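Here are some notes for a colleague opening this structure for the first time. They are set out as numbered points, going from the whole chain to single residues.

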Amino acid sequence: MSTTKKASSALISVFHKDGLEPLVKKFNELEITIYSTGGTETFIKDLGIDVVPVEDVTSYPSILGGRVKTLHPKVFGGILNRQDNKSDQEQLKEFEIPQLDIVIVDLYPFEKTVASGASEQDIIEKIDIGGISLIRAAAKNYKDTLCVSTMNDYDEVLEMITKGNGSTTLEDRRRFATKSFNVSSHYDSAIFNYFNKNHEEAAFKLSETNGQVLRYGENPHQKGFFFGDFEAMFNKLHGKELSYNNLLDVDAAVNLIQEFKNDAPTFAILKHNNACGLATRPTIHQAYVDALAGDPVSAFGGILISNVEIDKPTAEEIHNLFCEVVIAPSYTPVALDILKGKKNRIILVQNEVDLPKMTVRTCLNGVLVQEKDEKTDKIADLTNATNKKPTDRELEDLIFASKLCKHTKSNTIVLAKNKQLCASGTGQTSRVDALNQAIHKAQSFNFDLNGAVLASDAFFPFPDCVEIAHKSGVTSVIQPGGSIKDQLSIDYCNENGIAMVMTGTRHFKH
């Protein structure tokens, strides 16, 4: 039996009518009988094209306020029959079931309804029953039936039907079945995740239908893909395509700058997911200059991000540095012209988009899922652990350092002064090593650590870190606390005039 099939009939029942008219007109031109329901039927009639109401086939009206329209053996028999099966064809004749060669059905906009903040009842009514069943049936029977499940495919179907004079190939039908099961599985996942928003069921369902192939993965010999709506989050104004590693760094930059969203002008420079420069200043130009001073060596090839508009003076400074990506909420026209002076430099405008509340990563033969760490330490959260209390200036620096510490790979120590990152020790197996790394780095860039503050992502089980920090000039420390030996560090601080505050919250980042 030929795998190329000429369509003689089509069932069309869609929520979205955009782009449907040319397809309906082509079906009419090719003398393809059209069956339809409700609003779609009216839409087709208004085009002056003949259409057969599904009720005429089933002898049942649309009932229960439209909840039941197409759920009938004569509809599903027309879709699911096997054209090379003699018994199936005999039953079509016996029960007067029309053959349905093409099924064009989309789904109620469930996700958009949830996102709109609609009531529970409105959301429930947008759970499609007939549509999802029609899609599954038509896609299952792809050997005989073409299933079109989204208006995004109307143009391609029109071209295919026109080229084939009403015929489709088995390859095309199977490809569209794949598209359809992608639509149906994503839809069901969205519904489940809505019902399971409080995680009563320990089940993991993640579905992203927007995907792009990257040049390669973390290394050139690895394939790489990104699944997500990048365009919703950023307007890309200039530069080459982002790589896998670029995207990881951009993610780290966005999450870090979120901590300073409502602060004075703040600029961050990141490399390999960690900040190598960060400063908050009265102007974004000065914030950039002081962020760069934190580590001008590591900044080469880094990711730059600002919490306010980038102006001409800042752009002129940035232009002197080779960097991969610049991110800001906006740019002045002159600043944008300057930054575009390097053809490969990626320039992004960050839009206001809600970020995921859960983090996901592969682990062993499965995945690890957790709530995102959305706790930001505030002055009101702090408990004074020592006799000496931090000054107002030190308190501001402690919170500044704590925000950065939260977004730096463990074990980490952050040294800061006057809302400027002096240095950090990142990803060390020993907290002492992290501190020594930070001190050495700060001194290599001529930072005066006298009066600096220290932030640690976890407690000090021994007083060695506060002793080393004290000898380098640190006068105030912020840490979560919680060690059974907390008192050892507290005692050292009391004996040496160091202020220590505890947050009660650990911020590991593995």
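Predicted model: local features only at pLDDT ≥ 70, side-chain atom pairs only at ≥ 80, totals over all residues.

1. On overall shape, the C-alpha trace of the protein chain spans about 95 × 50 × 40 Å along its principal axes. The radius of gyration is 31 Å, whereas a compact globule of 510 residues would have a value near 24 Å. Of the contacts with a separation of 6 or more, 55% are accounted for by residues 24 or more positions apart.

2. Of the 510 residues, 47% count as buried.

3. In soluble globular proteins, nonpolar side chains tend to be buried together. In this model the largest nonpolar core has 38 residues, and those with the most contacts inside it are Phe234, Val250, Leu270, Ile305, Ile327 and Leu348. Ile327, leaving aside its neighbours within four places in sequence, is in contact with residues including Phe234, Val250, Ile305 and Leu348, and also with Ser306 and Gln350. A second, separate core has 25 residues, among them Ile413, Ala434, Phe460 and Cys493.

4. How many aromatic pairs are there when ring centres must lie within 6.5 Å? The count comes to ten. In one of them, the ring centres of Phe110 and Tyr194 are 5.8 Å apart and the planes stand at 85°, so this pair is edge-to-face, the class for angles over 60 degrees. Phe110 lies in helix H6 (residues 110–115) and Tyr194 in helix H10 (residues 170–195), so that the pair links distant parts of the chain, 84 residues apart. Phe110 and Tyr194 are both buried, and together with Tyr187 and Phe195 they form one aromatic cluster.

5. Phe225 and Phe227 make an aromatic pair that is stacked, with 6.3 Å from centre to centre and 25° between the planes. Phe225 has 44% relative accessibility and therefore counts as partly exposed.

6. Not counting residues up to four places away in sequence, Ser424 touches Ala275, Ile413, Val414, Gln437, Ala438 and Lys441.

7. Some backbone details in loops deserve a look. The peptide bond from Ser410 to Asn411 is cis, with omega near -15°, and Asn411 is placed in the loop between helix H16 (392–406) and strand E19 (413–416). Glu96 is not a glycine, yet has a positive phi of about 55°; Glu96 lies in the loop between helix H5 (86–94) and strand E5 (102–105), and counts as exposed at 62% relative accessibility. His272, in the loop between strand E11 (266–271) and strand E12 (274–280), has a positive phi near 55° and counts as exposed at 62% relative accessibility.

Methods
Residues numbered from 1 in each chain as written. Heavy atoms only, no water. Phe/Tyr/Trp six-rings, centres within 6.5 Å; stacked < 30°, edge-to-face > 60°. Helix = DSSP H or I, 4+ residues; strand = E, 2+ residues; numbered from the N terminus. Buried < 20%, exposed > 50% of the residue type's maximum accessible area, 1.4 Å probe, protein only. Core = buried A, V, L, I, M, F, W, Y, C linked by side-chain atoms within 4.5 Å. Contact = heavy atoms within 4.5 Å. Rg over C-alpha atoms; globule rule 2.2 N^0.38 Å.
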